[in-house]
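Subject: Structure for you to look at

Hello,

Here is the structure I promised to hand over. Please open it first, then read my notes below.

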Amino acid sequence: MVLPLHAYFKGKIVPYEQAKVGVLTHALNYGTAVFAGMRGYWNPEQEQLYIFRPLDHYRRFLNSAKIMNMELDHTPESLTQITVELLRADGYQRDIYIRPLAFKADEAIGVKLHDLQDEISIVAMPFDRYVTRDTDAHVTISSWRRVDDNAIPARGKISGTYANSALIKTDAIRAGFDEALVLNQDGHLSEGSAMNIFMLRDGVIVTPPITDNILEGITRRTVIELVREELKLPLVERSIDRTEVYLCDEFFMTGTAAQITAVTRVDFRPIGKGVMGPVTARLRQLFDDVVRGRHPKYSHWNTPVYAKETQKELKTVIPG
Ligand code: PMP
């Protein structure tokens, strides 16, 4: 993986090498950090880099921080503004991934959330595909369970939670699968290791509700809107049983990194005809147009990095 060029660190944009923390940092020892993961998409015709839904990502970021008792003196708008400035310093003309992190920065022993210093860092680096077989993934059902809202809230993007995702992912990869689907404490499907899930069954798109221990995915929300508005297909949010996946017609996973990944086999059983279905294929195309700023109806989701207007617009909404 290519390292970032710059970092937003301690309130400034600095060369990435200067953004360092000590080994005793609270977040590194106890997982007391929250993060976001956004993508920037390059549009070669317009010579523009578009950040996809940064305000929504930062809203969730600040919500995650709230769960972890952090006091960050920022708004979604101010964080978006900093991200635009960082990306201008980087000067990328390609697809990228953006990683904001808010962490308990004290170098101190003691498991707690209160009376600790909170810091923010943001970095961005070149990024392409996350799931290699994104048109024909083979997934398994993990033997691990998803963290419960009463243990570590899955709806927040909390660093410590990702020990759960890492256990899930590594077992799946070592067993020869591309990903794993995870059951929640009730035995219903929640999501993948870092992606939300959707199935098409008898003409209806189904996805688990946000109360089934899932991350409240921005791509999930995007897909729900595109399914209803553009595909005009019925969509319901309800719990999904394990065996429904074996019997569905199409299945796909959504996430900033995974984008829309078609799943064509689950535990050696073909889904539908065992190849990517037409609904998934259409959604993938639609999604790519939307994120690259080629669909005017959804241009409010694209924040341009290199347009002069960007800064002006954002400045007007930053308080103070
Ligand atoms: N679930 C988990 C556990 C994730 O880590 C992610 C990636 N952020 C997602 C779902 C997808 O969320 P989003 O579409 O907001 O990236």
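**Aromatic pairs**

The count comes to 9 aromatic pairs, where rings of Phe, Tyr and Trp (its six-membered ring) pair if their centres lie within 6.5 Å, and planes under 30 degrees apart count as stacked, over 60 as edge-to-face and the rest as tilted. One of them is Phe52 with Phe287, an edge-to-face pair at 5.9 Å centre to centre and 80° between the planes. This pair links distant parts of the chain, 235 residues apart: Phe52 is in strand E5 (residues 48-52) and Phe287 is in helix H7 (residues 278-291). Helices (H or I, at least four residues) and strands (E, at least two) are DSSP runs, numbered from the N terminus. Phe52 and Phe287 are both buried; buried means under 20% relative accessible area, exposed over 50%, and partly exposed in between (1.4 Å probe, protein chains only).

Another pair is Tyr97 with Phe127, which is tilted, at 4.8 Å centre to centre and 45° between the planes. Again, distant parts of the chain are linked, here 30 residues apart. Tyr97 is in strand E6 (residues 96-104). Phe127 is in the loop between strand E7 (118-126) and strand E8 (137-145). Tyr97 and Phe127 are both buried.

Phe52 and Phe287 also belong to one aromatic cluster with Tyr298 and Trp301.

**How to read the model**

This is a predicted model, in which local features need pLDDT of at least 70, side-chain atom pairs count only at pLDDT 80 or more, and totals for chains, interfaces and linings use all residues. Residues are numbered from 1 along each chain as its sequence is written, and side-chain values use heavy atoms, with hydrogens and water left out.

**The ligand**

Which residues are closest to the ligand? They are Arg60, Tyr162, Glu191, Thr219 and Thr256, out of 17 residues that surround the ligand (one of their heavy atoms lies within 4 Å of it). An N or O atom in the side chain of Arg60 is 2.7 Å from an oxygen atom of the ligand. For Tyr162, an N or O atom in the side chain is 2.5 Å from a ligand oxygen atom. Glu191 has a polar side-chain atom 2.6 Å from a nitrogen atom of the ligand. Taken alone, the ligand exposes 390 Å², and the protein buries 97% of that (areas come from the Shrake-Rupley method with a 1.4 Å probe; for residues, only the protein chains shown count as cover).

**Two buried polar residues**

Thr280 lies in helix H7. Thr280 counts as buried because its relative accessibility is 1%. The side chains of Thr280 and Glu250 are joined by a polar contact of 2.5 Å. A polar contact is a pair of N or O atoms within 3.5 Å; within protein, one must be able to donate a hydrogen and the other to accept it, and residues adjacent in sequence count only if both atoms are side-chain atoms.

Asn213 is in the loop between strand E12 (204-207) and helix H5 (218-231). Asn213 counts as buried because its relative accessibility is 10%. A polar contact of 3.1 Å joins its side chain to that of Asp148. A polar atom of the Asn213 side chain also lies 2.8 Å from the backbone nitrogen of Asp149. Leaving aside neighbours within four places in sequence, Asn213 is in contact (heavy atoms within 4.5 Å) with residues including Asn184, Ser190 and Glu191.

Best wishes
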